[in-house]
Amino acid sequence: MAPLTTRALKATKTAFPWALVALVIALWAYNRLVTPFAFGREAGAGLWSFSLEMAAFLPAMFVLVGLFDVWVPRSVVERHVGRDSGPLAILWMVLLGTLQAGPLYGAFPVAVALWRKGTAPRNVFIYLGAFSALKIPMLTFEVAFLGWQFSLVRTAVTLPVFIFLAYVLERLLPADVTIPEAQKSSPGKPASQAMPSTRQEAETVHDGKAS
Amino acid sequence: MEALLAITAIAVVASLLANRRKTLAGVRRGLRMFVNLLPTLVAVLAAVSLLMAAVRPATLERLLGGGGPLPFVAALIVGSIALIPGFIAFPLAGVLKDHGATTAVLAAFITTLLMVGVVTLPIEIRFFGRRIAIWRNLLAFGGAVVVAVVMTLILR
């Protein structure tokens, strides 16, 4: 009995995202073909613009992350932004975060790649903070609609707050904290060479902190 | 955005010239991450589309307009939950401002919108695990409240 339920559960879980997409498309098609109704039109337009945004920059972002992964040596990352790095690391992370564009979920793969290469958790969180709140392309928009005064004050107040929060968050986490290996190939697929190397790295992080 | 595509193209070409095998391994690794994330991403984006279609901008204006603590709290909650791209969020904030939303409300809305992501939490959990993702969002919410209050004091 159990395997059947597990299998059914798994199938539901796999199908759910696509069912949700199908629902939005069905609502949109209903609006288009049967009778116009605002909800269907809005939902369809929303999904379309999100999909465009995602397709435009996420694959490129992931390719960059993959290249970063194979080319940049761990020792370099550790020396500049690792556990024992100085305050200059904050500057690097803020620069890296503010020069990018796109929604926050686009920063997660970069943050995870940095983490796996030995970046200190606080610096990863500073990167995420800078990315989410202080992206320069976004600031130009903010200035246009809310005024430079609002934008300037927000930047000046937000910067120290998220740096402080990054340190707090690092302290909250246990020293040997690890992140899930969610970006691995899905179960069932044969393991490639990429996998052991990433796992090895995760273990190195662990050892480094234990000693 | 064009800059990102240009940088990626240059990086791939340079990497190919330096080492073909390494480049292919890197690109393949990156794309596999993307494909594995896709179902979670798609579910979140579809759910957000439905949510945003259900909430009209007029409703937001009514909710966030005016003074007092209620619009401020509403702004914190709406900003935390919503996933609105910057090119829509700032014009919307501009409209709210014209409709008499206070600096406190605008600051609360913008800061939580940027720093807290309740609907994208499933994506964040996929990458960082439950503990880090939830703590980061809780702290970011607290930070957003502090930023909004300090901004109100400065800009009043």
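How are α6(A) and α8(A) oriented to each other? They are roughly antiparallel, in a model that is predicted, with local features needing pLDDT of at least 70, side-chain atom pairs counting only at pLDDT 80 or more, and totals for chains, interfaces and linings using all residues. Residues are numbered from 1 along each chain as its sequence is written, while chains are lettered from A and ligands numbered from 1 in the order in which they are written.

**View 1. Helix α6 against helix α8 in chain A.** The axes of α6 (residues 121-134) and α8 (residues 148-172) come within 8 Å and cross at roughly 150° (lines fitted to C-alpha atoms over the stretch in contact; angles run from 0 to 180 degrees between N-to-C directions). The two helices (DSSP runs of H or I, at least four residues) are therefore roughly antiparallel (over 145 degrees). Residues in contact (C-beta atoms, placed from the backbone, within 7 Å) include A:Phe125 and A:Ile126 of α6(A) and A:Leu159 and A:Phe162 of α8(A). By class, this contact has 12 nonpolar, three polar and two charged residues (Ala, Val, Leu, Ile, Met, Phe, Trp, Tyr, Cys and Pro are nonpolar, Asp, Glu, Lys and Arg charged, the others, Gly among them, polar).

**View 2. Helix α2 beside helix α5 in chain A.** Their axes lie 9 Å apart at an angle of about 5°; the helices are therefore roughly parallel (under 35 degrees). A:Met61, A:Phe62, A:Val65, A:Phe68 and A:Asp69 of α2(A) meet A:Pro109, A:Val110 and A:Ala113 of α5(A).

**View 3. The contact of chain A with chain B.** Chain A gives 64 residues and chain B 65. On the side of chain A, α2(A) supplies the largest share, 24 residues.

Conventions. Angles under 35 degrees count as roughly parallel, over 145 as roughly antiparallel, 65 to 115 as roughly perpendicular and the rest as oblique. Two residues are in contact if their C-beta atoms, placed from the backbone, lie within 7 Å.
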